[in-house]
Amino acid sequence: MSEPITITKLIERISSGDIRIPAFQRDFVWGPEQVAFLLDSIYKGFPIGTMILWKTDKRLETEKRLGCFELPPPKKDYPVNYVLDGQQRLTSLFSVFQTELTPVSEEWVDVYFDMSAQEAIQESLFAALDPTEVDSSRHFQVKTFFDSVAYRKATRDLSDDEVVTIDAVQEKFKTYLIPNETFETEDRNKVAIVFERINRAGTELDVFELLAAWSWSDQFDLVKKFQDLEEKIEDHNFGDLCKERDLLLKVCAGVISGTTTPKTILDLKGDDIRERFNEIEAGILGAIDFLRREAGVRHFRMLPFPALLAPLSAYFSTTKKDGQKYSSRQKEVILKWFWISIFSRRFSADVNEKQAFDIRQMLQLKKDENYAFTLPKEVVKIDFGHSNFSAGNANSKALILMLNSTSPKSFLSGATIDLDKVLKKGSKHEYHHIFPRAHLDKAGVDRQEINVLANICFLTRADNNKIKDKSPAEYVKDIAEPKRDKYLEEAIIPRNFDTLDYSDFVLERSKLLEARAHELMGGKV
C-alpha cells in the first residue's frame, strides 16, 4: 500500500498530468447528488475506498477526459499513473476543488456546505446547487477550500461563529487522507485481469477501447472488419449491437477460444480473427436471426441480457455458406436456455464464467442434437408485483418479450398491434397501464405501486386514449365481444380483473405472468 494522499496532492498530480484516465475506463457517470454525498462522507471522516493506479512507462495512445476536463500532457517524463479504480471519486474531488483548468462543458453543478443544517449522521450537510438555488446566508461554496485568496474573500462577510464553523469544515478536507495503491507493470494481461476483477460487479470492460489503447498491431484491420460486419447487422435490425464493441469482441473470443475474459481477448492474434472471421460473422448473424424468428426479439435494445449473444453465436458459428442449421430438438433446447437465462437473470453476474460454460454446452449440442444439455435452474427472479417498469431495464424487457410471445391484440378493441414498431421504439409511451395512472392517482395509490410490471400491457394509443382515467370496472364494457376472454388471455390479464381491487389485481396478474414465464422456460409455448 502506498502512502495515503491528501486531496491537495491529488489535485496537484492530476493538474500536472501525472494521474490520467485510460481509454478503457467507462465515462464519469456520477450525478451532482452523489458528489455531494461523497463530500459529506469525507466531512464525517468516513472511508471512501482505496484509489488504485497503474504505473507504466508506456503511455497509452488514447485516453479519456477526466469528467468535464481535458487533462494537460505530463509536465515531466514518464512514468504516468492510470486510474484503475476510484475514477468516479477522483473525478468528483478534482471537479469540485480544482481552480486551474476550464471545463469543456457546462454540465457541472457546484457543491455547497449548508451552514444552517443540523448535524445528523444520516443526512448530508452538502448540496449540489444551481446558482439560482444558492442562499448566501446559509450556503458556502466548498470550491474555495484550497484557494486561499478565494477562501478569504468568501469568508469575509460571515459572522465570527460562521467563520469558526467553516474553518473547521475546511480543515477536515485539508487533512483528509485517501488510501491509494499503485500497481506497477508493463504486462497488459495483468492490467486487464486487475481491471476486470475490480469491475466484476460493475460496468463491463470496454475491451475494444483497451485493445486500441495498447496499439494492437492489427487494430485498423479489426476496425475495418467490424465496419463491414456492422452493415450486415444493421440490415438485420440489430444496429444498436454495433455500438457494443466489447460484446462483439467477447463473441470473437468465445468462438475462437471458448472463453470471453479480457485476458483471452487480449491474447487474440490478428491472424486468428482474420482467419475465422467468417465463422464469427456467421455466428453473430445466425444468433440474431434465431432471436428474431424464434424468440421474438425484434431489435437489440429489447434483449434483456446481451451477454447471452456469446454462447448463442458460438452455436451458429460455421464455415458453411448456408449457415448453421438446427433441428426441432436443438431449437427446443436453445429456446429453453434463452428463456431460463432471461427470467433467472443468469447473465446479471459472473458473466465470463457462465458464458464459457454455456459455450461448451452449445458446441456439444451443435455436434449432437441429443446431447444432455445442462440447463440452468428454472427459477423466476423477477418480481412482477414490485419491480417498476422502465423500458430500458432488463426486467421490463423480459416482460415485453413475454407479452410479445403471445402475439396479443389490444384487448379493448381487438386491434392488431404493430409489435415490430412497438419493440423498435423501446419507448415507455408504447406501453400502457391496465389500471390507468390517473385513476390510481385519484385513489391515492403511490406512483411506485402504479408503475409495477404487473400493471403494464400493450395497448394501441387509440385504446389508451379511450380508457383515459376510467377504472377497469368502467371500461370493461367497451372490450370487444365475443373475444374478450381470448384478448385478456393473450394479454396475460386475469379474466375477472374488472372486479378486483388494485392490490388483488397486481397479485393475480403477477401469478399469471410468473406462470407464463415457467411455460416459456419449460418449452410449453
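Predicted model: local features only at pLDDT ≥ 70, side-chain atom pairs only at ≥ 80, totals over all residues.
1. Let's start with the rings. There are 29 aromatic pairs in the structure. One of them is Trp-337 with Phe-347: the ring centres sit 6.3 Å apart and the planes meet at 75°, so this one is edge-to-face. Trp-337 belongs to helix H13 (residues 328–343), while Phe-347 is in the loop between H13 and H14, ten residues apart.

2. Both partners are tucked away. Trp-337 has 0% relative accessibility and so counts as buried; Phe-347, at 5%, is buried as well.

3. Another pair to look at is Phe-411 with Phe-497, with centres 6.1 Å apart and planes at 85°, so that pair is edge-to-face too. Phe-411 comes from the loop between strands E11 (409–410) and E12 (415–416), and Phe-497 from the loop between helices H21 (484–490) and H22 (502–521), so the pair ties together parts 86 residues apart in sequence. Phe-411 and Phe-497 are both buried.

4. Arg-346 places its charged end over the ring of Phe-347, 5.7 Å from the centre. Lys-172 lies over the face of Tyr-43, 4.1 Å from the ring centre. Tyr-43 is also part of one aromatic cluster, whose members include Phe-97, Phe-113, Tyr-151 and Phe-173.

5. Finally, the serine. Ser-387 is in the loop between helix H14 (351–367) and helix H15 (394–404). Its relative accessibility is 17%, and buried means under 20%, so Ser-387 counts as buried. Leaving out residues up to four places away in sequence, Ser-387 touches Asn-395, Asn-451, Val-452 and Leu-453.

How values were computed. Residues numbered from 1 in each chain as written. Heavy atoms only, no water. Helix = DSSP H or I, 4+ residues; strand = E, 2+ residues; numbered from the N terminus. Buried < 20%, exposed > 50% of the residue type's maximum accessible area, 1.4 Å probe, protein only. Contact = heavy atoms within 4.5 Å. Phe/Tyr/Trp six-rings, centres within 6.5 Å; stacked < 30°, edge-to-face > 60°. Lys NZ or Arg CZ within 6 Å of the ring centre and 35° of its normal.
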